Amino acid sequence: LGAELVPMGSAGAKAMAVVLGEAEIYLHAGGQQEWDNCAPVAVALGQGLHCSRISGAALTYNQSNPSMPDLLICIPELARPVLESLR
């Protein structure tokens, strides 16, 4: 993809970087809990961004196990190339 990695703080800060146009992709594959990304995902979806698991599956919340193993937030036009490159 020719991406440049940009070190940044919390899940919320990373997601908001995409919302604000300071980054195009936030990809997390290290595991989180639902509460780590539910609010950032809601804001990102409200701004029309793509949000999914790195498999492309929908994000689901309020599960008996709150583990969220991975997350992708990105501008819509990059969703397909990112997901394809992860396969």
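Q: Which residues lie nearest the centre of the largest pocket?
A: In this predicted model, Ala-3, Glu-4, Leu-5, Ile-25 and Tyr-26 lie nearest its centre, and the lining has 19 residues. Helix H1, strand E1 (25-28) and helix H3 (76-86) are the elements that give two or more residues to that lining. H3 gives the most, with 4 residues. The space in the largest pocket is about 540 Å³.

Q: How do the residues of the lining of the largest pocket divide into nonpolar, polar and charged?
A: The lining has 13 nonpolar, 2 polar and 4 charged residues. Of the residues nearest the centre, Glu-4 is one, and Glu counts as charged.

Q: Why is Ser-52 called buried?
A: Buried means under 20% relative accessible area. Ser-52 has 1% relative accessibility, so it counts as buried. Ser-52 is found in strand E3. Leaving out residues up to four places away in sequence, Ser-52 touches Ala-57, Leu-59, Leu-71, Leu-72 and Leu-83.

Q: What makes the pair Ser-52 and His-50 a polar contact?
A: The cut-off for the N or O atoms of such a pair is 3.5 Å. The side chains of Ser-52 and His-50 make their contact at 2.8 Å, so the distance is within the cut-off.

Q: Why is Asp-70 called buried?
A: The limit for buried is under 20%. Asp-70 has 10% relative accessibility and therefore counts as buried. Its place is in the loop between E4 and E5. Beyond its neighbours within four places in sequence, Asp-70 is in contact with His-28, Ala-29, Arg-53, Ile-54 and Leu-59.

Q: Which polar contact joins the side chain of Asp-70 to another side chain?
A: The side chains of Asp-70 and Arg-53 are joined by a polar contact of 2.7 Å.

Q: Why is Asn-62 called exposed?
A: Exposed means over 50% relative accessible area. Asn-62 has 73%, so the term exposed applies. Asn-62 is in the loop between E3 and E4. Its phi is near 65°, a positive value in a residue other than glycine.

Q: Why are Gln-33 and Gly-12 called partly exposed?
A: Gln-33 has 26% relative accessibility and so counts as partly exposed. Gly-12, with a relative accessible area of 25%, is therefore partly exposed as well. Gln-33 lies in strand E2, whereas the place of Gly-12 is in helix H1.

Q: How far apart in space are Gln-33 and Glu-22, and what separates Gly-12 from Asn-37?
A: Gln-33 and Glu-22 are 11 residues apart in sequence and 25 Å apart in space, C-alpha to C-alpha. Gly-12 and Asn-37 are 25 residues apart along the chain, and 6.8 Å separates their C-alpha atoms. Gln-33 touches Pro-66, Ser-67 and Met-68, not counting residues up to four places away in sequence.

Q: How do you know that the reach of helix H2 is close to the one expected?
A: H2 (residues 34-46) has 13 residues, and the span expected at 1.5 Å a residue is 18 Å. From its first C-alpha to its last, H2 reaches 18 Å, close to that value. H2 is followed by Gly-48, whose phi is positive, near 85°.

Q: Which residues of H2 are buried, and what covers them?
A: Glu-34, Asn-37, Pro-40, Val-41 and Ala-44 are buried. Their cover includes helix H1 (11-19) and strands E2 (32-33), E3 (50-52), E4 (67-68) and E5 (71-74). An α-helix has 3.6 residues a turn, so residues three or four places apart point the same way.

Key:
Residues numbered from 1 in each chain as written. Predicted model: local features only at pLDDT ≥ 70, side-chain atom pairs only at ≥ 80, totals over all residues. Heavy atoms only, no water. Expected span 1.5 Å × (residues − 1). Buried < 20%, exposed > 50% of the residue type's maximum accessible area, 1.4 Å probe, protein only. Contact = heavy atoms within 4.5 Å. Polar contact = N/O pair within 3.5 Å; in protein donor to acceptor, adjacent residues only side chain to side chain. 1 Å grid on protein atoms, 1.4 Å probe; cavity = no way out; pocket = protein on both sides within 12 Å on 5 of 7 lines; lining within 4 Å. Points joined across faces, edges and corners; volume = space filled by probe spheres on them.
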